[in-house]
Every structure is written in C-alpha cells, then in structure tokens.
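Trainee: I am new to this structure and would like a close look at one part of it. Could you walk me through the aromatic rings and what sits around them?

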Amino acid sequence: MFKARMKFAKEGRAKYISHLDLMHTMQRAMARCQMPLWFTEGFNQHAYVSVALPLSTGYSGECEFLDFNITSESVPVNAVEALNDVFPEGLRAIEIYPLEDGGMKVGAIAWSQYRIIWGFEGRVPDGFADAVRALFARSSVEIVKRSKRGEKTVNMKDLMRGLTITETADEVTAVVTTAAGNDNLSPEYLTRAIRQYLPQYDIPFAAYHRMNVFTADGTPFR
Amino acid sequence: MHKKMEAILSRVQKPARYVGGEWGSVTKDKASVDLRFAFCFPDTYEVAMSHLGSRILYGLLNDQPGIWCERVCAPWIDMEAELRAAGIPLYGLESGDPLSDFDIIAFTLQYELSFTNILNMLDLGGVPVLAKDRTELKHLVACGGPCAYNPEPLADFVDVFMIGDGEEIMLEFTDLYRRAKREGWSKQAFLVQAAQIEGMYVPSLYEVSYREDGTIDRVTPTNGAPALVQKRIVRDLDTMYYPESFVVPSTDIVFDRAMIELFRGCPRGCRFCQAGHTYRPLRTKSKETLIRQAEAVLKNSGYEEISLSSLSTSDYGDLSGLTEALLDYCEPRHISLSLPSLRADSFSTELMQRVQKTRKSGLTFACEAGTQRLRDVINKNIREEDVLHACEIAFQGGWNNVKLYFMIGLPTETTEDLDGIAEICKKVAYCWKLNTNNRARGVRITASASCFVPKPQTPFQWDAQDTLEQLREKQAYMKTIMKTKNVTYNWHDAETSVLEGVIARGDRRQGRAIYLAWQRGCKMDGWDQCFDYDKWMQAFADAGLDPAFYASRQRPLDEVFPWDHIGCGTRKEHLKREWELSREAAVTPDCMRKCAGCGANALLKGGKCCV
C-alpha cells in the first residue's frame, strides 16, 4: 500500500459538484476503472480519498489534488487515461504520481492563483477596468472578512499579490494570487470590494477559476 | 452554458442536479436523430434518478440510433422562480434545449400528488398544458407508470397513456410516431392509429356519460378505439432489455445504488396493494441473468452498493443461491448488498448472516395491521409470531434497529386493531430485552403508521376511505397509546393521504380541479413544505366537485368505475371475490400454494404463471 496523488481539473458542468459529492464521484470513477484502491479495515469499510483545499461549489479549477491509497506496487500504467475514460463530463485527470515520504504536505499550501471573470449584460461599462485597477492600486483596501471565528476588518492588499486586469468587449478578466491556508482570502472578496467601493458598477456575473497553487516560497504545489 | 444560467446556478440550492453531464448520460448529435424524446419525471432530480423504471427506459430508448432520449426533472421552488424570472424555459439535462424542442414529452406517473408538477413542467417548458391546445403532432404528451391504471384525472392534459410494461410497448409507440412524423400525419390521425396498438389508451377517443348521482353511466370508444385497453407485459424477463450501465449522478440521490430486478409481479395478493394486483402475473428472472446483470452494472457504474428489487424479495426461488453468488462478487470489491422487502415470516438466521457479511443496516418489517383479524381482512398472511420470531433472530444477531410499518384507516378497522399496534410494539421491545446480548447499547424500534388510501384495480377499490376527521381522531388516539419506552412512533399528516385518495379514484371531471389548483400555485404537493390542502379543497369546490364523492363514499359492487376500460390483467370479478372474502376476514393463499384465479395468467403464452 502506498500513497498517491492525482492532479486534476474540475471544469464546465463539473464545477457544480460539491466537495462531499466529489469524493463519492471520485471513488466511483476509481471503481469503474478498477484502480486498486485501499480500503479501511474497520466495521464500516471505505476507500480513503481526500481532496486538498476543496474548491467552493461553482468554482472551476485546473490545479486540484486528490490523495488516495493504492494496494498495488506502483501506479497502474495508463491510470490517467483510464480515469479520463470513466469520469463525468468536466473532470479531467492530469497526472497521478506516488508520494515519496508523504510528499508535499497540504498544510504547506500558502497561495492560490485565480482567474476571475466579471461579465456584463452588454458591453463592459466605460471606465470599469480602470476603476478596478485604481481601486486595487491603493495601499489599503479594507474589507470585512468573515470566518469561523467571526468578522474582522482586514486590509485585503496584504492577502493578495500579482493582480493583472485585461478586458474584452463584454468581460473583464483579473488574474490574482490570494492567500490560501489559515488566513486565506477568497477571490470573491475582490468582487465584494468592487461592489463596496465602486457601487456605480453593477456586476451581474462573476466566475472564478483556480489556475495554480503555491507554497509560501512560491514553489508550485504538487 | 450561458452566463445567465451560471449566475442562477450560483444562487440555487444543490446546483449539481440541474446541469447534467453525469457518467452514463447520453449525448447524441441532434442532426443524426429523427425523434427527440423527453423523459420527464414529475419530481426532483434526486427522486427521479432513483427510479429503476426510468433507468431502464432511458437505456432502451437511447439504444435506438434514431432516438435521443433526454431527462427532464421538476426544478425545486427556488430554481423554478429563477428560471421564470430569467425567462429560461425548462430544458433537457443532456442538451440544455428547451422542452418545446422535443417531439415526444413523456411523464412517468408514480404518485398522484405529483400530477400538478406535470402541468407545471409543461408550462415551464413553453408547451401548452391542455391536450386540446397542442394541435400539432409535435409536443405529443405521453404517460405511463402505476398511476396510469386510472388515467382519467389526467385526460385533459395527456394525449396517450401506455398501460403496462414500458419495455414492451415503448418502441412500437416510437416507431409509429417516427413514421407519422416522416409522412406528415396530423395529430388526430396519429392518435387514431396509436389507439390500435395494444396497451395504448387515447383518452380523447372515449366519451364518458354520467348518471344523475354523479357516477359513470357508460364509456364509449370512438374512431375504432378498443372498449378495453389491456395492459402489455414483458413475458420473459431473461430476454428483456436491461441496461448494462446507469446514469451515475454526481450528487447524492435518494436511492444512490445499483439495482437488479428479481421478478415482476407478486405472489402474495395483499388486498390493499395496487402493485400486487397490477403487476401480475409473476415473472421471474433467472439467477444466471441476475448475476450477469449485477456484475455488468456494478462494473460500469462503480457503485459501492447493490440492492435487489422486487415486491417481495424473500419469495425469490433461490434467494440463498443468488445472494451467495452475488456476495462472492461483491465482498472482495467492498460492495454491499441490500435486501429490501423481506417478509418477516421468511426471515432466517442464515439469510441474516449473509447480508450481515457486508454491512449491517436497519431491518424493516411490514406488519400493516395490529390484529390477526385485520391482517386477515387485508390478506397480509403474516402472524404476530412471525414478526416476533424475526425480531428474536435479529436481536440475537446483534441488530438493535428495527422498523415496523403499519397502516391506519383500513376497511373494518376498530379501536381493538389500533390497540393491537401498540401491543405488537410492546412485545417487540420486550423481545429485545430477552434476546439482546448487549442491553447497554440500547435499541431503536421505530413504528410508522401511514393512512390507508384505497386504490383502483385492487379489492378495496369499492371501499370508503376514512375522512380527514376520522383519520385525525385515530392518530390522536394512537399518540395516547404508543407509550412503550424504546419505541419511537412516527405518523404522517392525513391531509396528503386524503387528497391522494380523492385523485386515485378520480374521473376525468377532476381535470378542471387539478388545473385550477395548479393555476393557483399548487405544485410539489408530495412535499410537506409545499402542500396546501385548503387550496386544493377550494379548487375542487370551484370545479363543482365534492372530494368526499371520490374518497369517502362506499361504492356499490355494480358501479361503473372511471378505470373499468383499463385492464391490469387481474379481472374485476376476482377483485370483487376478494372484496367479499375480506368482509369475512377470509384469507386467500399466495400464488405459490394455490392459484387464486385472478385471470392475469391469460396474458402469458400458454397461460402458465412463473411460480
């Protein structure tokens, strides 16, 4: 038995699969392609799978990780292809590899890079992209952040970096790296900050997509 | 998916049920098919996707190269409001295309209280609700399923009903439709032809006249439609189509597991049971077929549980051989096996230990009534000793979770019968005390009492249902006598059962009431949080109908019923004889011991039942 990690993408229709449902969906897909999953031995035997840093329901991502245990001596050949043949639409295995010495710890994840798309009914309102650039160019953007421990006001600029903003006729796209882990910043706070500080703009659509995950020193997590 | 839809999905509960794309769902090129078929389930996705019959027919239809069958489910209240506000019509889960793009729009009828959802789904899909307003061949609305054994309350809305096993009739129906579409027939020309297919009922081809007292005088077929529409049956379950794979939802559903069907029909003849009378004659699948299908479906779905489906699992001939073989496959793969519908009188240590090998869930026994007299009236040939014996085995085997099912409001019921329910529960609790090897762990005994609803095509179709007041009085009484420690008593509000009783034996005049109720906002009536009894009663009053006429009236034995021209295989004379026997509390042995002469064997070649 050894630990393996799968890097996968969750996109399109699959982005609406909730975290708990994703675990069942993964287990069933593994059963369909006869992946030699390891099962717990207890009274209620079940396969052990775990997702690092689950995405919110409705978010897509191409840098997702699932850890599981397998009973064979190595990762079966063509495991990626075999899984992709039996996944529901929108799930895609990218790489499966053994975790030597437990591999990188999920707790080491410190940053996530997201793509945010703000969409409009018609054309992007005049000045919107520049106003957003100006807002996040300030040294401090205070927002009320909610967590399990309650609400607190934070400067969200401390929790984000590397923001770039581009626009097309009907969409504005932001690429941003935000804090993950304990003191994290959901990319939704960028949308909230715009609604709070630039209330003249109505944003009917916002979509979030995770592109990368990094450790504290900027190493891509794997 | 367009932006508007994405925004909606980010706001509604459980969005995964509205997007499709699951493993096993079928996508075809629209241009490559000549028939687009919407398989609609008038309830939520979670209920719809649990239904075995829909899984079978979805597979069967999509196996045909020229047909693309998609699934359509009723959106929950929040999603419906969003769709209406955004002007997005209800759509097929596979393509996302609006319901109005489909040729045939078919609904399965599992429950009377889902009828308003049919109207609502058509309306949400941009399809006229009333059959007479759909003048083209396109948007043909078809229905099948258990409630089609009395199709009359839906006669205003539905163009054709398929009576009996869908596997048998479906392709004849779609073949005729494809020909009609190719050759440009009118809707009327198609309907007249469709009525010639055995088992197809076209309500618009029948004229109904009534007597002064409101009962039916006669039902007259027109345009050459048959006087009796006899149901269709699959004669050989071994060669019947069965899907090798199911749609595996990516979100939790009610019955989230693989299923195999042991047999169709039931040898028991419980007099209250509609399925027991309308699925006759008994037809069994061989052990070899079942094992093959179980392995295929588990392999292709990846499910970690399989359940054996039938009306009375323990009546399967070689159940121990079957479970043994299935466990040989399941155990090394960590798949659990569940056996619902076990009868208490056949519950054995041996069987229990087999099931226990995988996972220990609760056990459920249907006692139905509290005294032997009443159990004889309903022909539930089970004795109190059987229940207690089964519980004894279960408690000795370490089970500490037992459910007991009862009904209140059965014909001829007295206070003594209600007392009997409390008595059985008390005895089961005592039985646990005597037999458990771990008292400290405690026990959970759950007794549930539902309200009896007389159903058409059963021996109790002549009987009056208890009124709402009578049922409530009985429920109140039950609460005072269900005092045993360790026994949790569950009951359900009687209002839904009363409405179910009204519609179950309704005639086509009820179409007006159903339409009014829907217009005034009734939908998802099977869900407590949506059900509005007063609105329904008002709709009946405004339609000029008395609900009590349908539900709580004792019918004379010679009355013409709205469903008399729909044949379920079991003859009306048999049902009448069974009704008479029930008044003497006389039992009828099960089919395996003695043929009761119900007449359903006439549907089989050679007239020989599979017992």
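**Aromatic rings and their partners**

Mentor: Happy to! Let us start with a charge and a ring: the charged end of Arg509(B) sits over the ring of Tyr210(B), at 3.9 Å from its centre. Please keep in mind that this is a predicted model.

Over all chains, a search of the whole structure finds 20 aromatic pairs. One of them joins Trp536(B) and Phe540(B): the ring centres are 6.2 Å apart and the planes are at 35°, so this pair is tilted. Both residues belong to helix H18 (residues 533-542) of chain B, and because they are four residues apart there, about one helical turn separates them. Trp536(B) is buried, and Phe540(B) is buried too.

Compare that with Phe549(B) and Tyr550(B), whose ring centres are 5.0 Å apart. Their planes stand at 90°, so the pair is edge-to-face. Buried means under 20% relative accessible area. Phe549(B) therefore counts as buried at 18% relative accessibility, and Tyr550(B) counts as buried at 1%.

Why give two numbers for each pair? A pair of aromatic rings is described by the distance of the centres and the angle of the planes.

Finally, take a look at chain A, where Trp118(A), Phe120(A), Phe128(A) and Tyr201(A) form one aromatic cluster.

Note on methods
Residues numbered from 1 in each chain as written. Chains lettered and ligands numbered in written order. Predicted model: local features only at pLDDT ≥ 70, side-chain atom pairs only at ≥ 80, totals over all residues. Heavy atoms only, no water. Phe/Tyr/Trp six-rings, centres within 6.5 Å; stacked < 30°, edge-to-face > 60°. Helix = DSSP H or I, 4+ residues; strand = E, 2+ residues; numbered from the N terminus. Buried < 20%, exposed > 50% of the residue type's maximum accessible area, 1.4 Å probe, protein only. Lys NZ or Arg CZ within 6 Å of the ring centre and 35° of its normal.
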